[in-house]
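Here is a short note to read beside the model. Take the points in order.

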Amino acid sequence: MAKRIMISGAGSGLGRELAYCYARQGWRIALADVNDAGCAETAAEVVRLGGEAAEYHCDVRKPGQLQKVAEGIEQ
């Protein structure tokens with residue numbers, strides 16, 4: 001089973017760089033951000049680097065959105 005992680009703020013900056021580091025090690029990554037376009041760019045690069053990516057629109061200040069990410073990861 002592949003290692004899995006969820007990264008918030010994955011559409012840019014530190015979140016994006018963390019995603020790339022995990023991708024190089026073959027992790028399955030749930031990418032969460034309010035910036036959908038940035039998240040999509042990160043996801044494409046994660047796949048190119050050898051990881052797996054799932055994108056989620058998520059504002060971490062809203063518990064309901066975090067819950068939806070958690071439910072998506074469980075599937």
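1. Buried residues make up 33% of the 75 residues in the chain. Buried means under 20% relative accessible area, exposed over 50%, and partly exposed in between (1.4 Å probe, protein chains only).

2. This is a predicted model: local features need pLDDT of at least 70, side-chain atom pairs count only at pLDDT 80 or more, and totals for chains, interfaces and linings use all residues. Residues are numbered from 1 along each chain as its sequence is written, and side-chain values use heavy atoms, with hydrogens and water left out.

3. The chain has three helices and three strands. These are DSSP runs, numbered from the N terminus: helices are H or I with at least four residues, strands are E with at least two. From the N terminus on, the order is β-α-β-α-β-α. The radius of gyration is 11 Å, close to the 11 Å of the globule rule for 75 residues, so the chain is as compact as a globular protein of that length. That radius is taken over C-alpha atoms; the rule is 2.2 Å times the number of residues to the power 0.38.

4. Now the surface. The chain exposes about 4,600 Å², and carbon and sulfur atoms supply 52% of it. Areas come from the Shrake-Rupley method with a 1.4 Å probe; for residues, only the protein chains shown count as cover.

5. Look at Met6. Met6 lies in strand β1 (residues 4-8). Met6 is partly exposed, with a relative accessible area of 32%.

6. Along its principal axes, the trace spans about 30 × 25 × 15 Å.
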